[in-house]
Amino acid sequence: MRDLARKGARRMADIPPEVLRAINLGQMPTVNLVEFLAADLSQLLPAVSAQIGLDPRHPALRETAARLPALKPMQRHRAIAAGLLAAIDGDSAIEARLAGHVSDLARQWAAMLVGIRPGQSLENRLLQIRPFAADPHFGVREMAWMAVRDAVADDVAGALILLQPWTAEADPNLRRFASEVTRPRGVWCAHLEALKQTPEPGQALLHALRTAPSRYVQDSVANWLNDAAKSRPDWVRRVCAAWLAESNQPATAYICKRALRSLPAT
């Protein structure tokens with residue numbers, strides 16, 4: 001979902017030098033995956049560190065920067081988050097500056113801190129991730145659910161209870177988060193084995209979103225059901241049949257059509 005006014009290049013080679021420089025200095029957010037992948041994290045990390053009040057020469061940050069070339073893209077961001085967690089060392093003012101930084105990549109790192117900080121309950125992690133789940137930048141919102149995915153996987157039943165109120169939020173970004181973070185399979189994340197085999201516990205959460213007016217939410221709900229259909233097509237067919245029988249809302253019809261897209265017609 002695109003939600004920023006500036007149009008990004010389709011190829012790294014076509015990114016204007018001044019735009020790439022601003023991204024690398026933490027002065028401008030990225031607007032697409034091409035810019036996200038093009039960002040030079042070895043430049044961005046020390047720039048952001050200095051801007052939020054950290055010494056870029058801090059051992060944790062220097063060690064992290066030295067490791068980046070050997071890591072894959074997402075591994076680099078996780079390593080940076082771990083380095084920042086050590087360097088910030090509980091300073092809430094510095095962490096708040098990171099969370100409010102103009103760079104979407106910096107805010108993604110702040111979201112990752114919520115997931116990797118030890119000793120937190122699932123309830124506290126979900127409370128802390130809310131601002132990132134509602135962030136205006138699509139990349140930060142994606143990182144938000146990925147940041148707490150492992151915690152959700154460790155307590156699926158608890159997560160479904162805690163996330164049920166999110167389905168009534170006015171902000172569609174928060175409503176979408178409740179669906180996306182509990183998808184049985186998901187993308188670039190651990191699968192929720194319990195929901196792959198027994199998706200029924202997720203039905204109440206999905207039912208609350210079946211008429212959501214936001215296409216952003218609709219796509220997430222449909223993808224949740226499509227995930228479940230790979231192992232429980234019988235359940236997904238029953239859910240969609242029941243929803244369509246009780247609702248003539250276009251949103252419900254769209255969700256069910258996409259949810260059943262991988263199943264043979266009956």
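Select Phe177 and show what surrounds it. Leaving aside its neighbours within four places in sequence, Phe177 is in contact with Leu126, Ile129, Ala133, Ala144, Trp145, Val148, Leu163 and Trp166. Keep in mind that this is a predicted model.

**Stop 1: the nonpolar core**

Within the largest nonpolar core, which has 76 residues, Ile129, Phe177 and Leu225 touch the most other members. Now colour α9. This helix supplies the largest share of this core, 9 residues. In soluble globular proteins, nonpolar side chains tend to be buried together.

**Stop 2: the largest pocket**

Keep α9 coloured; the helix spans 138-154. The largest pocket holds about 490 Å³ of space. Its lining has 22 residues, and the closest to the centre are Leu33, Phe138, Gly139, Glu142 and Trp188. Select those five to centre the view on the pocket.

At least two lining residues come from each of α2 (33-38), α7, α9 and α11 (172-180). Which helix gives the most to this lining? The answer is α9, with 6 residues. Colour the lining by class: 11 residues are nonpolar, 5 polar and 6 charged.

**Stop 3: the second largest pocket**

Follow α9 to another pocket. The second largest pocket has a volume of about 310 Å³. Select Arg78, Ile116, Met146, Ala147 and Asp150: of its 15 lining residues, these lie nearest the centre. α5 (73-88), α7 and α9 each supply at least two residues of the lining. Here too α9 has the largest share, with 7 residues. By class, this lining divides into 10 nonpolar, 1 polar and 4 charged residues.

**Stop 4**

Go back to Glu142, one of the residues closest to the centre of the largest pocket. Side chains of opposite charge can pair when their charged atoms come close. Across the model, the count comes to 15 salt bridges. Three further pairs follow.

**Stop 4: Arg117 and Glu95**

Select Arg117 and Glu95. Their side chains meet in a salt bridge, 2.5 Å from N to O. Arg117 lies in the loop between α7 (104-116) and α8 (122-133), and Glu95 lies in helix α6 (residues 92-99), so the pair ties together parts that are 22 residues apart in sequence. Is Arg117 buried or exposed? At 17% relative accessibility, Arg117 counts as buried, because the cut-off for buried is under 20%.

While α6 is in view, step back to Asp89. This residue is found in the loop between α5 and α6. Check its backbone: Asp89 is not a glycine, yet its phi is positive, about 50°. Asp89 counts as exposed, with 66% relative accessibility.

**Stop 5**

Move to Arg210, in the loop between α13 and α14.

How do the partners sit? Arg210 is buried, with a relative accessible area of 19%. Glu246 is partly exposed, at 47% relative accessibility.

Leaving aside neighbours within four places in sequence, Arg210 is in contact with Trp243, Glu246, Ala251, Thr252 and Ile255. Then draw a C-alpha to C-alpha distance from Arg210 to Cys240. The two are 30 residues apart in sequence and 9.6 Å apart in space.

**Stop 6: Asp219 and Arg258**

Finish with Asp219 and Arg258. Their side chains meet in a salt bridge of 3.5 Å, N to O. Asp219 lies in helix α14 and Arg258 in helix α16 (residues 250-259), so the pair ties together parts that are 39 residues apart in sequence. Colour both by accessibility. Asp219 is partly exposed, with a relative accessible area of 23%. Arg258 is also partly exposed, at 26%.

Terms used. Residues are numbered from 1 along each chain as its sequence is written. This is a predicted model: local features need pLDDT of at least 70, side-chain atom pairs count only at pLDDT 80 or more; totals for chains, interfaces and linings use all residues. Side-chain values use heavy atoms; hydrogens and water are left out. A salt bridge is a side-chain nitrogen of Lys or Arg within 4 Å of a carboxyl oxygen of Asp or Glu. Helices (H or I, at least four residues) and strands (E, at least two) are DSSP runs, numbered from the N terminus. Buried means under 20% relative accessible area, exposed over 50%, partly exposed in between (1.4 Å probe, protein chains only). On a 1 Å grid over the protein atoms alone, a cavity is a set of points where a 1.4 Å probe fits but cannot get out, and a pocket is an open set with protein on both sides within 12 Å along at least five of seven lines; lining residues have an atom within 4 Å of a point. Grid points are joined across faces, edges and corners, and a volume is the space filled by probe spheres set on the points. Ala, Val, Leu, Ile, Met, Phe, Trp, Tyr, Cys and Pro count as nonpolar, Asp, Glu, Lys and Arg as charged, and the others, Gly among them, as polar. A nonpolar core is a set of buried Ala, Val, Leu, Ile, Met, Phe, Trp, Tyr and Cys residues joined through side-chain atoms within 4.5 Å. Contact means heavy atoms within 4.5 Å.
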